[in-house]
Amino acid sequence: MKYLLKRRLYEALPVCLRAPFAWVPFGLVAGAPYRSVAEHGRYLDHANRSTIQAYKEEALGNLLRFVTAQVPAYARFAPIVARLSPLEALKSFPLLDKKTLQQDINMYLPRCFEHIPHYETTTGGTSGCQLRFFLDDSSQSVEMAFMHRMWARIGYTPRCRKATFRGVPLPRVSRGVYWQLNPVYNELQFSPCHMNAGTLGLYVKELLRYQPDFLHGYPSAISILAQYLLREGIDVRRLHLRGVLLASEPLLPGQRALIEQAFHARPFSWYGHSERIVLGGECERSVAYHHFPDYGVLEIVDANGDPVPEDGMGELVGTGLCNRSLPLVRYRTGDRARRLPYACTCGRCFDRFGDVEGRWQQEYVIGANSSKISLAALNIHGSAMNNVMRYQYYQDTPGVMEIRIIPLDSFGERDIISIQNAFAAKTGDELVVRIKIVDDIPLTMRGKLRRLVQEIPSVGNLTDA
């Protein structure tokens, strides 16, 4: 709760009063948890494989003893944890999926839950159904420490300037100004929801004025800007970008080369989750994902829950090490990946994976001014969808999007207003959002939910998720 309060207070400040945050060392702003994770990373980055494995055993053992003592769903595994090594004991725990967790989350909360500082949040709803869950109050600081450790591989420090293209609320956006300063992260936040032929020139002009060290954001949004630069023959080498930090979406074929050609800087991608169970990023030498051993225990398993061999494909399953308010053991991500050998020329001895086949897809709705707004930009974290069982986006007219909702009994007019306000904070005048209450949302032949039904012929669905 303390984290949410601090965030609301910061976001309520005028920009002029936020400015001093840019001059305070980020480690002081983020606090002791950030500094601890950052310091530990300097040790693990140079540890050999046996040291990494010993650390993993110790950290997992601490977690399993905690969950068997505190979490009702795991109490019956206490004798196994007492008898076997942690990694062997872990195999006896069942795989946990989102639906099971959602149906009875109280069974997965520790008995000491009220004594752990925490806050409530949600997943983004890539499946059309949000999960409400809890994170430790220090979670955001810890997460940023891991991200900064990862980005440091290509030269990033918190003192570096970022230009970001992510779906954050921009309440002060006006026509001709589609960005805002966020001093605490030393970044200029650009709206990914207003990028079209009439505005992209303004985006480029502001980028050249701001002179960021790194770009950060959705591959879909940064690719739109890259295509514009190449199409118009605009050379931005004077930006002297040190890297492009890609987030929340997979890279589509050709996007890596497109972004590198337009910005003359290396794209750098990573894989993570709102639930804080798996986090892996590329290194300075390869595009394979290196999973942080102090973030979670990674498994890649087949349909029976058994580990796949090296170079085999399987589902990513994670056991989080950083969240005691809702500790998740063997949590299924729903994503598939290839297990890779740990050895890398960068020298790190972390578990590695690649070729991720994920839930995130690059699909778009079209704004009033022909802006291509990715579903990642529309992602809503928070309470707006709390009383929604399932939802689906539908579009057949540019600038208008219908949200088809299967409501819970508690859904009412206040929820409609809350949902519309949440989308308006991101998209402004680009998108009118209409709510339609439905009894059912048909699934695909594979039993999955199509998150977007796009009926504008020139766009089409990029994937049938």
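Helices (H or I, at least four residues) and strands (E, at least two) are DSSP runs, numbered from the N terminus. The model is predicted, and local features need pLDDT of at least 70, side-chain atom pairs count only at pLDDT 80 or more, and totals for chains, interfaces and linings use all residues. Residues are numbered from 1 along each chain as its sequence is written, and side-chain values use heavy atoms, with hydrogens and water left out.

**View 1. Leu-241 in the loop between helix 11 and strand 7.** Leu-241 is buried, at 10% relative accessible area (buried means under 20%, exposed over 50%, partly exposed in between; 1.4 Å probe, protein chains only). Neighbours within four places in sequence aside, Leu-241 is in contact (heavy atoms within 4.5 Å) with Pro-212, Asp-213, Phe-214, Leu-215, Phe-263, His-264 and Ala-265.

**View 2. The largest nonpolar core, of 56 residues.** Such a core is a set of buried Ala, Val, Leu, Ile, Met, Phe, Trp, Tyr and Cys residues joined through side-chain atoms within 4.5 Å. Phe-165, Phe-263 and Phe-423 touch the most other members. Helix 11 (residues 219–232) gives the most to this core, namely 7 residues. Another core, of 44 residues, lies apart from it and has Leu-109, Ile-116, Leu-131 and Ala-337 among its members.

**View 3. Surroundings of Phe-423.** With neighbours within four places in sequence left aside, Phe-423 is in contact with Leu-378, Ile-380, Met-385, Tyr-393, Met-401, Ile-403, Gly-428 and Val-433.

**View 4. His-240, a residue other than glycine with a positive phi.** The phi angle is near 55 degrees. His-240 is found in the loop between helix 11 and strand 7 (243–246), and is exposed, with a relative accessible area of 61%.

**View 5. Arg-276, not a glycine, with a positive phi.** Phi is about 65 degrees here. Arg-276 sits in the loop between strand 8 (267–271) and strand 9 (280–281) and counts as buried at 12% relative accessibility.

**View 6. A nonpolar surface patch made by Phe-21, Val-24, Leu-28 and Val-29.** The patch covers about 300 Å²; accessible areas come from the Shrake-Rupley method with a 1.4 Å probe, and for residues only the protein chains shown count as cover. Patches are made of residues with over 30% relative accessible area and no salt bridge, like charges being joined within 9 Å and nonpolar side chains (Val, Leu, Ile, Met, Phe, Trp, Tyr) within 5 Å. A salt bridge is a side-chain nitrogen of Lys or Arg within 4 Å of a carboxyl oxygen of Asp or Glu. Val-24 lies in the loop between helix 2 (15–18) and helix 3 (26–30) and is partly exposed, at 33% relative accessibility.
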